[in-house]
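Please look through the sequence and the model shown here before reading on.

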Amino acid sequence: MIQDIAPHRLWNPYDPAKRCRPQDFIVAADGSSLLVADGEPLRFPRREELALDEEAALTYLFSIDDEAFFLLREPFPAPRSFSYQSLRSLRYAGNGTREMFFAAYTAMHLAIWYRNNHFCGTCGHATVDSAEERALVCPSCGRIIYPQLIPAIIAGVIDGDRILLTKYANRSMPFYALIAGFTEIGETFEQCVEREVYEEVGLHVKNIRYYKSQPWGNVQDILAGFYCDVDGDRAIRRQEDELKEAIWVPRSEVVGQTDDFSLTHEMMMTFRAGKEPR
């Protein structure tokens, strides 16, 4: 999966005192796009490559090994040899190391959070960085805002030697996926699996068992993957506004996605290999 970058390691303790060196990477975001180098494998610009003044609004995000990443928290036009590109286009171009893709997804998660919380949602005052932890603080009402993590599930629904594969109704992705959805207030992950499967395909499930988790930064998710067995009727009743296709696929006919970044892909391939938890 995208976070499996060993022997490299992500170091993300908050360090407001860390200063940006000429060789450090600069993360600049424009909506859902990031500033990256043109014509080479995925890479952020280094500070020495950008015309940034000494007072530029740079915030330390994290490091991968000894490579530090800083967020530029002000609009910045793309200079020559760099351009803003969406995470999706970068991912499907498939040009870059896994650790740099993981950095891009993680940086986007934090960039969205900083952008969306520039003002306090309680009183409307401008927020400031906490000096103690990764948080934004309202100096007017005292509200503390932490980075958002949205819990969601991936569900591999199994019927003996078959698994349920789906395609989203509102996306152009050509490959199959698994049932997925966000966890609601007051709901456990297991209850979310039961609800999402029933809502999207009209099936009841049992024997829900945990597999693995994954951060998915472009939508601020923390994903929890579960396998489960169909319980009772196998007839699929597809939620048409969510799914354009939902089919039972034999184990030997499961085809993965175009890369091995996602928890969904790994769960599909784990089922194909007969290694899913029972």
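Predicted model: local features only at pLDDT ≥ 70, side-chain atom pairs only at ≥ 80, totals over all residues.

Residues are numbered from 1 along each chain as its sequence is written, and side-chain values use heavy atoms, with hydrogens and water left out.

The chain has four helices and 16 strands, where helices (H or I, at least four residues) and strands (E, at least two) are DSSP runs numbered from the N terminus. Taken along the principal axes, the C-alpha atoms fill a box of roughly 65 × 45 × 35 Å. Of the 278 residues, 47% count as buried, a word that stands for under 20% relative accessible area, with exposed meaning over 50% and partly exposed in between (1.4 Å probe, protein chains only). Among contacts (heavy atoms within 4.5 Å) between residues at least 6 apart in sequence, 63% join residues at least 24 apart.

Three strands in the order E3-E4-E7 make an open sheet with antiparallel pairing. Strand E3 (29-30) and strand E7 (82-86) stand at its edges with a single partner strand each, so one side of each is left without a neighbour in the sheet. Strands count as paired if DSSP finds at least two bridges between them, and E3 and strand E4 (residues 33-37) are joined in the antiparallel sense over two bridges. Asp30 has Ser33 in E4 as its bridge partner.

On strand E12, six of the seven residues are buried. Seven bridges join E12 to strand E16 (residues 243-250), the two running antiparallel, and here Thr166 stands opposite Ala246 in E16.

Is helix H4 enclosed or open to the outside? Eight of its 10 residues are buried, so H4 is largely enclosed by the rest of the structure. The buried residues include Leu263, Met267, Met268 and Phe271, and what covers the buried residues of H4 includes E11, strand E12 (162-168), E14 and E15. Just after H4, Gly274 takes a positive phi of about 75°.

Phe226 is buried, with a relative accessible area of 3%, and its contacts, not counting residues up to four places away in sequence, include Ile153, Phe189, Tyr210 and Met267. The C-alpha atoms of Phe226 and Val27, which are 199 residues apart along the chain, are separated by 34 Å.

The next topic is the nonpolar cores, each a set of buried Ala, Val, Leu, Ile, Met, Phe, Trp, Tyr and Cys residues joined through side-chain atoms within 4.5 Å. In the largest core, of 71 residues, Phe44, Phe69 and Val197 touch the most other members. Helix H2 (residues 98-116) gives the most to this core, with 13 residues. Apart from this core lies another, of 15 residues, among them Ala28, Leu35, Ala37 and Phe76.

Grid points are joined across faces, edges and corners, and a volume is the space filled by probe spheres set on the points. A search of the whole structure finds one cavity of 30 Å³ or more, and about 40 Å³ of space lies in the largest cavity. Its lining consists of Thr166, Lys167, Tyr168, Arg171, Met173, Phe175 and Ala177.

The largest pocket holds about 740 Å³ of space, and of the 31 residues that line this pocket, the closest to its centre are Tyr168, Arg171, Met173, Trp216 and Val219. Helix H1 (87-93) and strand E14 (205-216) are among the elements that each supply at least two residues of the lining, and H1 gives the most, with four residues.

Conventions:
1 Å grid on protein atoms, 1.4 Å probe; cavity = no way out; pocket = protein on both sides within 12 Å on 5 of 7 lines; lining within 4 Å.
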